[in-house]
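Subject: Structure handover

Hello,

Here is the structure for you to look over. My notes follow it.

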Amino acid sequence: MPTTSGMFERHHIAIYRYLLRMIGSRERAEELTQEVFLRALKAADSYEERSSERAWLFRIAHNLRLDEARHARRTPPMSAVDDAEPSAPAQQALRVSLLQALAMLPDEEREAFVLAEVVGLSYVEIAEACAATTAAIRSRIYRARMQLRAVLDVPTAGKPLA
Amino acid sequence: MDQHLETLSAMLDGDVVDVEALEAALADVEARRGLVEFVRLRQVARDESAAPAPVFAARAGRSVERRRALARLRVPLPLAAAAVLLALLGGSLIDIKWLAFDRDQASREQVQPPPQPSRVLQFDAPPPDSRTGGR
């Protein structure tokens, strides 16, 4: 059984970021973040020691998000919400471009990319959270990177590296 | 090219990659450029400071902790049902036993004859005193 004490403190920001990037609404991301932990408490008995606490929580968040989309009968419209602290203008512009491009990715690829790059989960953890194989996750992240790379106006493009 | 980029993408994520495939990928100029772009994407993606509103975090945290405390107190449903059943059964048995005891006692009281005297005391009046003239 996971140590449910302090679980909210340990993981709520990561869960919120994942849901925010997948749903695109701050209010809904907050509501679902709370719901993830309430469901986790109810399902604490079903927790298996072989999985990490983080992967288990993201699995719950993943299922909750799918339920949400199913109830809405369509994928909710994504918006590129930017909650970031103001940074350097160039970096900020790049960030806005990334969030816009991210919002246009297919759901599975966006999810894999967000879990890897925003949250920092490993392939194994992402595979567990998304009920997929690590090979599938590797492929999804690669495809996401290729599409984001094409959309972003990366300053190094065209510069010789040799 | 795609294969090289996929190898570098996996390497960037700490996945196990074939050394020869990595060597070939790193020898490819376009793949190297792609690797730099992947790193740049990562830097931008990880520059994430989005967080739930502090008011929400405090309220939700309290709510979750309260629910957790309740969940720890909660007795499993079958166990609770068994305890209630046992209590009812025990209570009714005690009741039946008391009723039976009362009934036995009452019937014993009705059937038993009055106790036999263990000794008989007889009072004999003395004869009248002739000196007093019978007064």
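Leaving aside neighbours within four places in sequence, which residues is A:Ile126 in contact with? They are A:Ala112, A:Leu115, A:Ala116, A:Leu121 and A:Ile137. Contact here means that the C-beta atoms of two residues, placed from the backbone, lie within 7 Å.

First, the ground rules. This is a predicted model: local features need pLDDT of at least 70, side-chain atom pairs count only at pLDDT 80 or more, and totals for chains, interfaces and linings use all residues. Residues are numbered from 1 along each chain as its sequence is written, while chains are lettered from A and ligands numbered from 1 in the order in which they are written.

**Chain A**

Chain A has seven helices and zero strands. From the N terminus, the order is α-α-α-α-α-α-α. Chain A has 162 residues, and 39% of them are buried. A residue is buried if 20 or more other C-beta atoms lie within 10 Å of its own, exposed if 12 or fewer, and partly exposed in between; these C-beta atoms too are placed from the backbone. Take the contacts in chain A between residues at least 6 apart in sequence: 65% of them join residues at least 24 apart.

**The core**

A:Ile126 also belongs to the largest nonpolar core, which has 53 residues. Such a core is a set of buried Ala, Val, Leu, Ile, Met, Phe, Trp, Tyr and Cys residues joined through C-beta atoms within 7 Å. A:Tyr18, A:Leu19, A:Leu115 and A:Ile126 have the most contacts inside it. By element, α1(A) gives the most to this core, with nine residues. In soluble globular proteins, nonpolar side chains tend to be buried together.

**α1(A) against α5(A)**

These two helices pack at about 145°, with axes 10 Å apart. Axes are lines fitted to C-alpha atoms, for helices over the stretch in contact, and angles run from 0 to 180 degrees between N-to-C directions. The crossing of α1(A) past α5(A) is right-handed. Handedness is left if the near helix is turned anticlockwise from the far one by less than a right angle, and right if clockwise. From α1(A), the contact uses A:Ala14, A:Arg17, A:Tyr18, A:Arg21 and A:Met22. From α5(A) come A:Arg110, A:Glu111, A:Val114, A:Leu115, A:Val118 and A:Val119. By class, that is seven nonpolar, no polar and four charged residues. Ala, Val, Leu, Ile, Met, Phe, Trp, Tyr, Cys and Pro count as nonpolar, Asp, Glu, Lys and Arg as charged, and the others, Gly among them, as polar.

**A loop residue to check**

A:Ala131 is not a glycine, yet its phi is positive, about 55°. It sits in the loop between α6 (123-130) and α7 of chain A. A:Ala131 counts as exposed because it has 11 C-beta neighbours inside 10 Å.

**Chain B**

Chain B has five helices and zero strands, in the order α-α-α-α-α from the N terminus. Of its 135 residues, 16% count as buried. In α1(B), residues 2-12, the buried ones are B:His4, B:Leu5, B:Glu6, B:Thr7, B:Leu8, B:Ser9 and B:Ala10. Just after α1(B), B:Gly14 has a positive phi of about 80°.

The axes of α1(B) and α2(B), residues 19-26, come within 9 Å and cross at roughly 115°. α1(B) is therefore roughly perpendicular to α2(B). Angles of 65 to 115 degrees count as roughly perpendicular, under 35 as roughly parallel, over 145 as roughly antiparallel, and the rest as oblique. This crossing is left-handed. B:His4, B:Thr7, B:Leu8 and B:Met11 of α1(B) meet B:Ala21, B:Leu22, B:Ala24 and B:Ala25 of α2(B).

**Where the chains meet**

38 residues of chain A are in contact with 35 residues of chain B. On the chain A side, α1 (7-23), α2 (26-42), α4 (89-103), α5 (107-119) and α7 (134-151) each supply at least two residues. α1(A) gives the most, with seven. By class, this side has 19 nonpolar, nine polar and 10 charged residues.

One of the chain B residues involved is B:Arg46, in α3(B), residues 29-46. Its contacts, leaving aside neighbours within four places in sequence, are A:Glu117 and A:Val118. B:Arg46 counts as exposed, because it has 11 C-beta neighbours inside 10 Å.

Best wishes

Technical notes:
Helices (H or I, at least four residues) and strands (E, at least two) are DSSP runs, numbered from the N terminus.
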